[in-house]
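Subject: Structure for you to look at

Hello,

Here is the structure I said I would pass on. My notes on it follow below the display.

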Amino acid sequence: MIPPEARAVWFPAPRRAELRYERLDPPGPEEITVRTVASAISPGTEMLVYRGEVPADLPLDLPTLAGSYALPVKYGYAASGRVERAGERVQELSPGDTVFVHHPHQDRFTVPAHLAVRLPDGISPERGAFFANLETALGVVHDAAPRLGEDVVVFGCGVVGLLILRLLGLCGVGSLLAVDPLERRRELALRFGASAAVEPGAVGEAVAGRGADVVVEASGSAAALPEALGCVRREGTVVVASWYGTKPVTLDLGGRFHRGRVHIRSSQVGGIAPELSARWDRERRGRVVLDLLRRLPLEEMVTHRIPFERAPEAYRLVDEVPSEVLQVILTYPQGGG
């Protein structure tokens, strides 16, 4: 018997995406097969990979990925769908359950059951596709650790930046300044809880010389980090949520950074801050993310819903017309086969 086939998005070369057929194995005793309903294209990290702007020798960091950063690579990490089949030893999931998996864009796939997050009733697959970016945003806010009433600046009002803004607002910070070159995103930032929103280059005037207690750099732009360092208070913290890939970043560390005893911290979703590890793990963080998926206005960030068959077109759109795009969701046919 010939095994059924699946289709997946691969990047064979920089700025190229294509659908490839793959063998779809039946689930083993501890595995599930998922039929994807929706998956989210990351306009940050994923586009670095699409453009070939990631160190070629960097190891892949998810077990669901394939290929290498040297290209070709099968990439993506935000797929939601329904369980089609479950192995005989799988007890926590059943056919028909809605799940999220950190998996590349693929219409059907088989994975170990422990990699899937069951989405509670009331959370649609489209909402579920935000799990990864919301998990990232929650980790960034935990790493930033703002105190009640402190002033915070967020560079970048893409999907992750907007989620960070929303979560910071829930923390009760004082002023919350958003920074983005696109007017449309600045307007959305205000709806997501920012006190004010300005273009890059206008931050110094906006903080009126006093500086911010915490600055989050989530723009993905190498030019933003120097400005972020320049607007933080003495003993303040700059949290770098961006992954710059191979893009060089030049910093002047001889002035304000040195005299002001400024702290720079990297935030990466793959780990938990050491000071939180006695109380927090990924399972607890995931439970909070599921609760937030119910509550946040995620639909406001979806600018495009594009059929999976047109995935190459979707990547060109995100790459070439960023001013028109925020969150692109790939939708999948739910018929037979």
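Helices α3 and α9 are roughly perpendicular to each other, because their axes cross at roughly 115 degrees and the range of 65 to 115 degrees counts as roughly perpendicular. The axes come within 9 Å, and the crossing is right-handed. Helix α9 covers residues 282-295. On the α3 side the contact is made by F131, L134, E135, L138 and G139. On the α9 side it is made by R282, R285, G286, V288, V289, L290, L292 and L293. By class, this contact of α3 with α9 has 8 nonpolar, 2 polar and 3 charged residues. Please keep in mind that this is a predicted model.

Helix α3 also packs against α4, which spans residues 159-170. Here the angle is about 50 degrees and the axes are 9 Å apart, which makes α3 oblique to α4. This crossing, too, is right-handed. From α3, the residues in contact are N133, L134, T136, A137, L138, V140 and V141. From α4, they are V159, V160, L163, I164, L167 and L168. The contact of α3 with α4 is made up of 11 nonpolar and 2 polar residues, with no charged ones. L134 and L138 of α3 are named in the contact with α4 and again in the contact with α9. On the spacing of such residues, an α-helix has 3.6 residues a turn, so residues three or four places apart point the same way.

Next, the sheet. Six strands form an open sheet, in the order β12-β11-β10-β13-β14-β15, and the pairing is parallel. β12 (196-198) and β15 stand at the edges with a single partner strand each, so one side of each has no neighbour in the sheet. From one strand to the next the twist averages 20 degrees. Two of the pairings can be described further:

- β10 and β11 run parallel and are joined by 4 bridges; V152 has L176 in β11 as its bridge partner.
- β13 (residues 212-217) and β14 (residues 232-240) pair in the parallel sense over 5 bridges; V215 has V238 in β14 as its bridge partner.

Helix α4 lies across β10, β11 (176-179) and β13, and runs at about 165 degrees to β10. Which way do the residues of β11 point? L176 and A178 point one way, while L177 and V179 point the other way, and all are buried. In a regular strand the side chains alternate between the two faces of the sheet.

Helix α10 is residues 311-320, and its buried residues are A311, A314, Y315, L317, V318 and D319. These buried residues pack against β1, β2, β3 (31-41), α1 (45-50), β16 (302-307) and β17 (327-331).

The remaining notes concern loops.

R15 sits in the loop between β1 (5-13) and β2 (16-23). Its phi is positive, about 60 degrees, although R15 is not a glycine. R15 counts as partly exposed because its relative accessibility is 44%. A positive phi turns up again at R261, with a value near 50 degrees, and R261 is likewise a residue other than glycine. R261 is in the loop between α8 (256-259) and β15 (263-266).

R147 is in the loop between α3 (131-144) and β10 (152-155). Is R147 buried or exposed? With 56% relative accessibility, R147 counts as exposed. R147 and G172 are 25 residues apart along the chain, and their C-alpha atoms are separated by 8.0 Å.

A113 lies in the loop between β8 (108-112) and β9 (116-118). Its relative accessible area is 3%, so A113 is buried. Leaving aside residues up to four places away in sequence, A113 touches E30, E31, I32, V90, E92 and L93. A113 and V101 are 12 residues apart in sequence, and their C-alpha atoms are 9.6 Å apart in space.

The last item is a cis peptide bond, from L71 to P72, with omega near 10 degrees. P72 is in the loop between β4 (66-67) and β5 (73-74).

Regards

How values were computed. Residues numbered from 1 in each chain as written. Predicted model: local features only at pLDDT ≥ 70, side-chain atom pairs only at ≥ 80, totals over all residues. Heavy atoms only, no water. Helix = DSSP H or I, 4+ residues; strand = E, 2+ residues; numbered from the N terminus. Buried < 20%, exposed > 50% of the residue type's maximum accessible area, 1.4 Å probe, protein only. Axes fitted to C-alpha atoms, helices over the stretch in contact; angles between N-to-C directions. Parallel < 35°, antiparallel > 145°, perpendicular 65-115°, else oblique. Left-handed = near helix turned anticlockwise from the far one by under 90°. Contact = heavy atoms within 4.5 Å. Nonpolar A, V, L, I, M, F, W, Y, C, P; charged D, E, K, R; others polar. Pairing = 2+ DSSP bridges.
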